[in-house]
Amino acid sequence: MNNLFEDRRRDEPAVPPEGRENREKVSMNILLAEDNDALSGFFIRVLTGMGCIVTLVKDGEALLNELADKAKNYDLIITDNTMPKVKGIEALKRIREDALFEHTKSIKVILNSSDVDGTLEPGVLSLDGVFLPKPVSLATLSEAVKEISRELKKPPEPIQERPA
C-alpha cells in the first residue's frame with residue numbers, strides 16, 4: 001500500500017505545502033466516496049482543513065443513493081474508482097447519463113485511481129470528470145479543489161488563523 005503521508009511527519013498538520021499563512025478557505029459541500037479508512041481520513045483532514053464540509057460514503061451504491069436524495073446539495077464529488085458494489089467510473093456514467101440524476105449533472109466529479117494501463121483517464125474526461133492518479137498528494141488534491149471552486153464561482157479566501 002502506498003503511504004500518502006511519506007512527505008510529512010505524522011505530527012505535522014495536513015495543510016497544503018505552501019504553508020499555513022497562505023492557506024485558502026474553500027466553502028464547498030463535498031461528497032466523498034472512499035472505502036479505505038486511511039485514504040478517507042487523509043481526504044477528510046485535507047478538505048476540512050481547507051474549509052470544506054465533507055460527507056463520507058463507503059461504496060459506490062451509497063454514493064448513488066446519497067445523490068438520489070434531491071434535498072441534498074453537493075458542489076463536488078470525490079470518488080475512488082475501485083469501490084465495493086459500484087465502481088467510481090460506473091457511478092460517474094450514471095450521474096451523467098441516468099435521468100434519476102438529472103439534478104446532479106452539473107456537479108463536478110474527481111475520480112482518483114491507479115490507471116496502470118492508461119484507459120481510465122480518457123473515460124473520466126469524456127464524462128466531464130477530473131482524473132487524479134494515485135497516490136494523490138496534498139498539493140495535487142488542494143489545487144484541484146481550489147480550481148473547481150474557482151470554476152464554480154466560489155473563489156478561495158484566505159483562512160484566518162485563530163490566536164493560540
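Start at Leu-67: ignoring neighbours within four places in sequence, this residue is in contact with Leu-31, Tyr-74, Ile-77, Ile-95, Phe-101, His-103, Thr-104 and Ile-107. Keep in mind throughout that you're looking at a predicted model. Leu-67 is also one of the residues with the most contacts inside the largest nonpolar core, a group of 22 residues. Leu-31, Leu-63, Ile-77, Ile-89 and Val-124 share that listing. Which elements give two or more residues to this core? They are strand 2 (29-33), helix 2 (60-68), helix 3 (88-97), strand 5 (108-113) and helix 4 (120-126). Helix 3 supplies the largest share, four residues. There's another core too, lying apart from this one: 20 residues, including Ile-30, Ile-78, Leu-132 and Val-145.

Now look at how the helices pack. Helix 2 and helix 3 cross at roughly 20°, and their axes come within 9 Å. An angle under 35 degrees counts as roughly parallel, so helix 2 is roughly parallel to helix 3. On the helix 2 side of the contact you'll find Leu-63, Leu-64 and Leu-67, and they meet Ala-91, Arg-94 and Ile-95 from helix 3. Sorted by class, that contact has five nonpolar residues, no polar ones and one charged. As for handedness, helix 2 and helix 3 make a right-handed crossing.

The tally for the contact of helix 1 with helix 5 is seven nonpolar, no polar and no charged. Val-145, you'll recall, is also listed in the 20-residue core.

While you're on helix 1, find Ser-40, which sits in this helix. Is Ser-40 buried or exposed? Its relative accessible area is 4%, so Ser-40 is buried. Leaving out residues up to four places away in sequence, Ser-40 touches Leu-32, Glu-34, Leu-56 and Lys-58.

The loops have a few things to stop for. Asn-73 lies in the loop between helix 2 and strand 4 (76-80). With 60% relative accessibility, Asn-73 counts as exposed.

Lys-85 isn't a glycine, yet it has a positive phi of about 75°. Its relative accessible area is 63%, so Lys-85 is exposed. Asp-128, in the loop between helix 4 and strand 6, is another non-glycine with a positive phi, here about 60°. At 44% relative accessible area, Asp-128 is partly exposed.

Finish in the loop between strand 6 (130-133) and helix 5, which is where Pro-135 lies. Check the peptide bond joining Lys-134 and Pro-135: it's cis, with omega at about -5°.

Definitions and conventions
Residues are numbered from 1 along each chain as its sequence is written. This is a predicted model: local features need pLDDT of at least 70, side-chain atom pairs count only at pLDDT 80 or more; totals for chains, interfaces and linings use all residues. Side-chain values use heavy atoms; hydrogens and water are left out. Ala, Val, Leu, Ile, Met, Phe, Trp, Tyr, Cys and Pro count as nonpolar, Asp, Glu, Lys and Arg as charged, and the others, Gly among them, as polar. A nonpolar core is a set of buried Ala, Val, Leu, Ile, Met, Phe, Trp, Tyr and Cys residues joined through side-chain atoms within 4.5 Å. Buried means under 20% relative accessible area, exposed over 50%, partly exposed in between (1.4 Å probe, protein chains only). Contact means heavy atoms within 4.5 Å. Axes are lines fitted to C-alpha atoms, for helices over the stretch in contact, and angles run from 0 to 180 degrees between N-to-C directions. Angles under 35 degrees count as roughly parallel, over 145 as roughly antiparallel, 65 to 115 as roughly perpendicular and the rest as oblique. A crossing is left-handed if the near helix is turned anticlockwise from the far one by less than a right angle, and right-handed if clockwise.
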